[in-house]
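Hi,

Here is the structure I promised to send over. Have a look at it first, and my notes on what turned up follow below.

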Amino acid sequence: MKNLAILGSTGSIGQSTLSIVEQFPDRYSVAALAAGHNIDEAFAQAVRWHPRLVSMATEELAGELSARLRKAGVTGIEVAYGTEGTVACATLPEADFVVSAIVGVAGLEATHAAILSGKPIGLANKECMVAAGEILTAAARERNVPILPIDSEHNAVHQCLRVGAHSEVKTIWLTASGGPFRKLPLDQFASITPEQALKHPTWVMGRRITIDSATMLNKGLEIIEACRLFDVTPCQVRVTVHPQSTVHSLVEYVDGSILAQISVTDMRLPILYALAYPERPASTLTFDMAALSHLEFEQPDFERFPCLRLAFEAAEKGGAHCIALNAADEVAVEAFLERRIPFTGIPRTIEKVLASTTEAHPATIAGVLAADREARQTARALLA
Ligand code: MG
């Protein structure tokens, strides 16, 4: 029996994780839930799963949850809040596996704390790996803590890497759907509206990640995530545009063999893989072979999607540049959604912030968070 701490329990990955727990009650139980602001969902989850600890974003929400639980006659659940509460969930002695699914750098400290306390991680938070991948992977290697990627592409790569040795890997091919603007003429990019950009062809996701898919910055973050997770250089990572999102990624070996992972487009599969690794439990997730009759792969267009080039450049420099890439993008996406800048303003803002970032490699999480704040300030000042 694996007792889980789920960081980001009310988000889509958190909810999918709980649906896996529901399906495999003899394998998984819930020790801790770190929710955010969604009090109704957090209350429902606490009542359903009865964890030892639940954490909310703020003290006020924690108070409200405690009151609701008391009123409902539910006892024995401790309620915490803020970063401290999330860290408490991640390091709870009863928890023996941590699902890290808080969006943004908010989950960084807790993920780091979980690794330091030796807990295996199911990682769905790519910003963690982008901003602090050098620190997190070093800590994990030192303590022999597995980090199992839940991001569909990296999960696919993890599966394909089980077939060969690290020294035999030539190229990691990350597939990208190409987003909704794969074929839009370049001269129309400046007039793309938030409504258009929020329509993703294959995955239903949060707002920022949907915009990041439209600019392909999401794939850029995944390039950096792949370098850190799998200990390869940016030259060993390439992107192929695959609109059907059927092949989740591929690994090319030095002998010329290419292995691909194919499955239904459903996040429950990578979640189950991460939770159960190295086992493969039987699931109800099946793939329709007819979907293989028409698959396309094409080169990404770096002119339409300058974010890809910026990500490769940041991956090459590492440290502060990766932090700045992620932070500047988050600020720019917000500005785009508020109609303060055009779609093409997103890569322009990132490029400017990167240009004013000095090369540095923060050695601590506090250093990473400071560099993150600095990059956000630079981006905000640029957009003011
Ligand atoms: Mg992905």
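**The metal site and beyond**

Three side chains coordinate the magnesium ion, D151 (OD), E153 (OE) and E222 (OE), at 2.1 to 2.3 Å. Bear in mind that this is a predicted model. Along the chain, the donors of the magnesium ion follow the spacing D-x1-E-x68-E. D151 and E153 are both buried.

Next, N218. This residue sits in helix α10 (residues 217–230). Is N218 buried or exposed? With a relative accessible area of 7%, N218 counts as buried, because the cut-off for that is under 20%. Its side chain makes a polar contact with the side chain of K126, at 2.6 Å. If you skip the neighbours within four places in sequence, N218 is in contact with K126, I209, D212 and S213.

Now the cavities. The structure has two of 30 Å³ or more. The largest holds about 70 Å³ of space, and its lining includes V130, E134, R228, H361 and V368. Helix α6 (residues 126–143) supplies the largest share of that lining, six residues. By class, the lining of the largest cavity has seven nonpolar, three polar and two charged residues.

The second largest cavity comes to about 60 Å³. It is lined by 11 residues, and S152, H248, Q261, S263 and P270 are the closest to its centre. Both α7 (152–161) and α11 (268–276) give two or more residues to this lining, with α7 giving the most, three residues. The classes here are four nonpolar, six polar and one charged.

Cheers

Technical notes:
Residues are numbered from 1 along each chain as its sequence is written. This is a predicted model: local features need pLDDT of at least 70, side-chain atom pairs count only at pLDDT 80 or more; totals for chains, interfaces and linings use all residues. Side-chain values use heavy atoms; hydrogens and water are left out. Helices (H or I, at least four residues) and strands (E, at least two) are DSSP runs, numbered from the N terminus. Buried means under 20% relative accessible area, exposed over 50%, partly exposed in between (1.4 Å probe, protein chains only). A polar contact is a pair of N or O atoms within 3.5 Å; within protein, one must be able to donate a hydrogen and the other to accept it, and residues adjacent in sequence count only if both atoms are side-chain atoms. Contact means heavy atoms within 4.5 Å. Donors are N, O and S atoms within 2.8 Å of the metal (3.2 Å for Na, K and Ca); water is not among the atoms, so sites may look incomplete. On a 1 Å grid over the protein atoms alone, a cavity is a set of points where a 1.4 Å probe fits but cannot get out, and a pocket is an open set with protein on both sides within 12 Å along at least five of seven lines; lining residues have an atom within 4 Å of a point. Grid points are joined across faces, edges and corners, and a volume is the space filled by probe spheres set on the points. Ala, Val, Leu, Ile, Met, Phe, Trp, Tyr, Cys and Pro count as nonpolar, Asp, Glu, Lys and Arg as charged, and the others, Gly among them, as polar.
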